[in-house]
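Subject: Structure for your files

Hello,

Here is the structure you asked about.

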Amino acid sequence: MRSPVKSKKISTANKSAKSETMTDDALFGFDLFNALPDMYFLLDANGEILKLNKKADEIVKANLDSNPTNFLDLVDLCNRENVNNIFFQCISFGKTREIETQFLLAKKEIEVRISFSLHKFTIDGKKIEYIFAVVKDVTWEKAKEIELQRFFNIVESSLNPILITDINGKMIYVNPAFVKVSGFKKEELIGKNPRIFGSGKLNRKFWDKMWQTISSGKVWFGEVEDRKKNGEPFYTQLLISPIFDKDEKVTGYFGIHRDLSEKRTLEKQLIHTQKMESIGTLAAGVAHEVGNPLASISALVQVAQRSTVDPFIKEKLDLVKSQVTRISKIIRDLVDFSRPSNFELQRVNINECVKEAVEITKVGTKAKTIAFDVKLSDDIPNLPLVVDQLEQVFVNILLNAVDAINEVKDEKKEKRISIESAFSQDEVIITFNDTGSGISEENLTKIFEPFFTTKSQGKGTGLGLWVSYGIIRSFQGKLEVQSNKGMGTTFTIKLPVEK
């Protein structure tokens, strides 16, 4: 089989004589291979076919018009040189060599795995070398391998988290999307049971029913709440399908998740929106019910002021009047803040919006001990904005600053919120700096996510900064944050100025 290979011209008589000699020689016993499913060939040092078993003979006769004399005649022309090299490596080194290639026959092409092994015999005192070639048809295996590779590529690139478990529920495969969403490393997942993600919100009866379904060979589908490695909830629709072997026995389970986080977020937003509408309705009702008594009190105070000359009584009546005015303003601000935005752009005096937001924040009991340092530039131009949305952003930031300052346990630490406005080149810059508890580095990238909050349960919705971020983005502006744990926080709003 030297390259280029030329089949020897062997006379029919000689070939028959050689074959008969080989057949009669008990050394070979080649008929033993006739019952085996693979193809077996006995070759000489030049690749000439001396013997072949029944399976090989059937395939050759069924697909070729004439029997080849040289083994290479069966190999696809493009691959003959590689097969030739492997053949002579076997002869040169006396070691078994394998190669995968194609048999190009007249009627079809089949994928094969060829194993060459060298055998030396002494016959009638003469040393003879023979090459034993075992040829296995791997066409079906190759087709399955390609199919499996396609499946693997699809699963690996899927955006949906996917896992495969054995029959006992231990994970044997997770795709990159699963690793990303769970927060675990791949090596932390393999061999573990998916219960490590369990939130504990679903009872044992729920999971028992799931196992009964899939262990009986049926597909299970449902909604679950899992937990990421950092403890955050992860809501998904989960489909689990049994994996069967050729005997229709369950050998494992295939699970695919569909992220429901956005759906749950929208549901919470809807609930919150409805709650805000209720608060707005309540505020309007309170303003109506409280407004009339306050008006009466204010009128009576004015009558009393005109009816007395006592300095002490006048001082107390002035105090009552100022408190009535304060209550009226709080109610009016609450109604204005709760009222849906009209989304109408108008030229807005940003400094006035800042002052209004500060006044709204200052009336809260939590802000009583906090100093507000306001420095506003007179160079700020009026910008086309939605005034109540802008005030909402300012109030959200200020209220968060108040809460952050109140979290500080050190009574000696200064409690101050500094607000500044400035005009720089082609943008207006508003900064809010507080001396509060600050934000940890791990939370700093999450504060603009919906429903993310570091406040305890019931003390924050986690929507304030997310809504604020969206509002500023709708104005083509930027909302940025800088913070260090224990060192306070600075929010910066940048709004573009059209020239």
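Overall

Please keep in mind that this is a predicted model. The chain has 499 residues, and 37% of them count as buried. Its secondary structure comes to 13 helices and 17 strands. Of the contacts between residues at least 6 apart in sequence, 55% join residues at least 24 apart.

The strands

Strand S12 (residues 371-376) pairs with S14 in the parallel sense, over 6 bridges. In that pairing, alanine 371 stands opposite arginine 416 of S14.

S14 is also joined to S15, in this case antiparallel and by 8 bridges. These two strands form a hairpin with 2 residues between them, where glutamine 425 takes a positive phi near 55°.

S15 (residues 427-434) in turn runs antiparallel to S17, again with 8 bridges. Threonine 431 has threonine 492 of S17 opposite it.

S17 has a further antiparallel partner in S16 (residues 478-484), to which 7 bridges join it. One of the pairs here is leucine 479 with isoleucine 493 of S17. S16 and S17 make a hairpin as well, with 3 residues between the strands, and glycine 486 in the turn has a positive phi of about 85°.

How enclosed is strand S17 by the rest of the structure? Of the 9 residues in S17 (residues 488-496), 7 are buried, so the strand is largely enclosed.

Serine 421

Serine 421 belongs to strand S14 (residues 416-424). Is serine 421 buried or exposed? Its relative accessible area is 6%, and buried means under 20%, so serine 421 counts as buried.

- The side chain of serine 421 and that of asparagine 351 are joined by a polar contact of 2.9 Å.
- A polar atom in the side chain of serine 421 lies 3.0 Å from the backbone nitrogen of serine 377.

The cavities

Rolling a probe the size of a water molecule over the atoms shows where empty space is left. Counting cavities of 30 Å³ or more gives 3.

Which residues line the second largest cavity? They are Phe178, Val181, Ser182, Phe197, Asp226, Arg227, Lys228, Phe234 and His257. The elements that give two or more residues to this lining are helix H5 (176-182) and strand S8 (220-227). H5 supplies the largest share, 3 residues. By type, the lining of the second largest cavity divides into 4 nonpolar, 2 polar and 3 charged residues.

For a look at the model on screen, serine 421 in S14 is one place to start, and the second largest cavity, with Phe178 and Asp226 among its lining residues, is another.

Regards

Terms used: Residues are numbered from 1 along each chain as its sequence is written. This is a predicted model: local features need pLDDT of at least 70, side-chain atom pairs count only at pLDDT 80 or more; totals for chains, interfaces and linings use all residues. Side-chain values use heavy atoms; hydrogens and water are left out. Helices (H or I, at least four residues) and strands (E, at least two) are DSSP runs, numbered from the N terminus. Buried means under 20% relative accessible area, exposed over 50%, partly exposed in between (1.4 Å probe, protein chains only). A polar contact is a pair of N or O atoms within 3.5 Å; within protein, one must be able to donate a hydrogen and the other to accept it, and residues adjacent in sequence count only if both atoms are side-chain atoms. On a 1 Å grid over the protein atoms alone, a cavity is a set of points where a 1.4 Å probe fits but cannot get out, and a pocket is an open set with protein on both sides within 12 Å along at least five of seven lines; lining residues have an atom within 4 Å of a point. Grid points are joined across faces, edges and corners, and a volume is the space filled by probe spheres set on the points. Ala, Val, Leu, Ile, Met, Phe, Trp, Tyr, Cys and Pro count as nonpolar, Asp, Glu, Lys and Arg as charged, and the others, Gly among them, as polar. Two strands pair if DSSP finds at least two bridges between them. Contact means heavy atoms within 4.5 Å.
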